[in-house]
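Here are my notes on this model. Keep the structure open and check each point as you read.

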Amino acid sequence: MRFLGRGLVMAHPLNDISVLDQFAAAPFPPGYPVDRRTRFSPADKVHEALLFILASAQQSIDIAMYAFTDPDLNTALTASATSGIRVRLTLDSSQFRSDDEKDKLASLLAAAGVDVSIGTSEKGAIMHLKSGVVDGTVLWTGSTNWSDSGEEKQDNSLRVSVSPAEAAQFVARFSAIHAYQKGTP
């Protein structure tokens with residue numbers, strides 16, 4: 001939720017998570033939880049769902065991503081940062097070594113308001129998360145790397161939930177990894 005003047009509260013665009021149903025290849029079964037949606041690539045439109053989630057951001061986007069070469073998601077994040085939304089991005093150094101990833105993320109890395117860390121896990125292994133939080137409320141996680149093959153060719157999952165408690169848990173973990181990679185535990 002976003003607080004406006006005089007105590008008014010604006011609902012988040014994803015408070016009704018059923019808006020993501022438009023990206024499903026098949027309807028959800030009766031009794032499916034109302035606070036979450038799961039998509040599977042390549043059957044569902046995972047790429048489009050991710051773009052929709054990023055476009056819903058009003059204040060902040062926190063992301064920990066193992067592989068990130070999707071130019072559309074890069075453009076969406078750059079636009080968010082340019083419009084004043086705080087963007088924190090944690091990347092894995094083994095994936096970020098590629099010129100492809102560096103070239104595709106150059107505009108994002110140069111955008112004002114983007115806080116980026118690139119490194120490993122605290123144990124020196126890969127940072128393998130593929131997760132994020134929008135506005136401290138909407139959490140996504142799963143096995144989907146942000147790449148053409150991860151979103152549209154491989155069998156991957158994307159689980160989205162509206163849960164401030166789960167989102168806070170992720171942001172706390174994300175913040176620890178981010179600080180470790182920047183050398184400020």
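1. Start with Arg-173. This is a predicted model, and in it Arg-173 has 39% relative accessibility, so the residue counts as partly exposed. Exposed would need over 50%, and buried would need under 20%. Its salt-bridge partner is Glu-122, with the closest N and O atoms 2.8 Å apart. Glu-122 sits in the loop between β6 and β7 (130–134), while Arg-173 belongs to helix α6, so the pair ties together parts 51 residues apart in sequence. Glu-122 is also partly exposed, because its relative accessibility is 33%.

2. Look at α6 again. Lys-182 and Asp-115 form a salt bridge through their side chains, at 2.5 Å from N to O. This pair links distant parts of the chain: Lys-182 is in helix α6 (residues 164–182), Asp-115 is in strand β6, and 67 residues separate them. Lys-182 has 42% relative accessibility and counts as partly exposed. Asp-115, at 26%, counts as partly exposed too.

3. Is the pair Arg-88 and Asp-62 buried or exposed? Both residues are buried. Their side chains meet in a salt bridge, 2.7 Å from N to O. Arg-88 lies in strand β5 and Asp-62 in strand β4 (residues 60–65), so the bridge ties together parts 26 residues apart in sequence.

4. How many salt bridges are there? The count comes to eight. Asp-21, Arg-37 and Arg-39 are linked in a network of them. Arg-37 has another contact to check: its charged end sits over the ring of Phe-28, 4.8 Å from the ring centre.

5. Now the aromatic rings. The whole structure holds five aromatic pairs. Ring pairs join Phe-68, Trp-140 and Trp-146 into a cluster.

6. Turn to helix α4, residues 99–110. Its twelve residues reach 16 Å from the first C-alpha to the last, close to the 16 Å expected at 1.5 Å a residue. Which residues of α4 are buried? Glu-101, Leu-105 and Leu-108 are. They cover an arc of only 30 degrees around the axis, which puts them on the same side of α4. An α-helix has 3.6 residues a turn, so residues three or four places apart point the same way.

7. The face turned away from the buried side carries the exposed residues Asp-99, Asp-103 and Ala-110. What covers the buried residues? The cover includes α2 (71–82), β5 (86–92), α3 (93–96) and β6 (114–119).

How values were computed: Residues numbered from 1 in each chain as written. Predicted model: local features only at pLDDT ≥ 70, side-chain atom pairs only at ≥ 80, totals over all residues. Heavy atoms only, no water. Helix = DSSP H or I, 4+ residues; strand = E, 2+ residues; numbered from the N terminus. Expected span 1.5 Å × (residues − 1). Buried < 20%, exposed > 50% of the residue type's maximum accessible area, 1.4 Å probe, protein only. Arc of directions from axis to C-beta. Contact = heavy atoms within 4.5 Å. Phe/Tyr/Trp six-rings, centres within 6.5 Å; stacked < 30°, edge-to-face > 60°. Lys NZ or Arg CZ within 6 Å of the ring centre and 35° of its normal. Salt bridge = Lys/Arg side-chain N within 4 Å of Asp/Glu carboxyl O.
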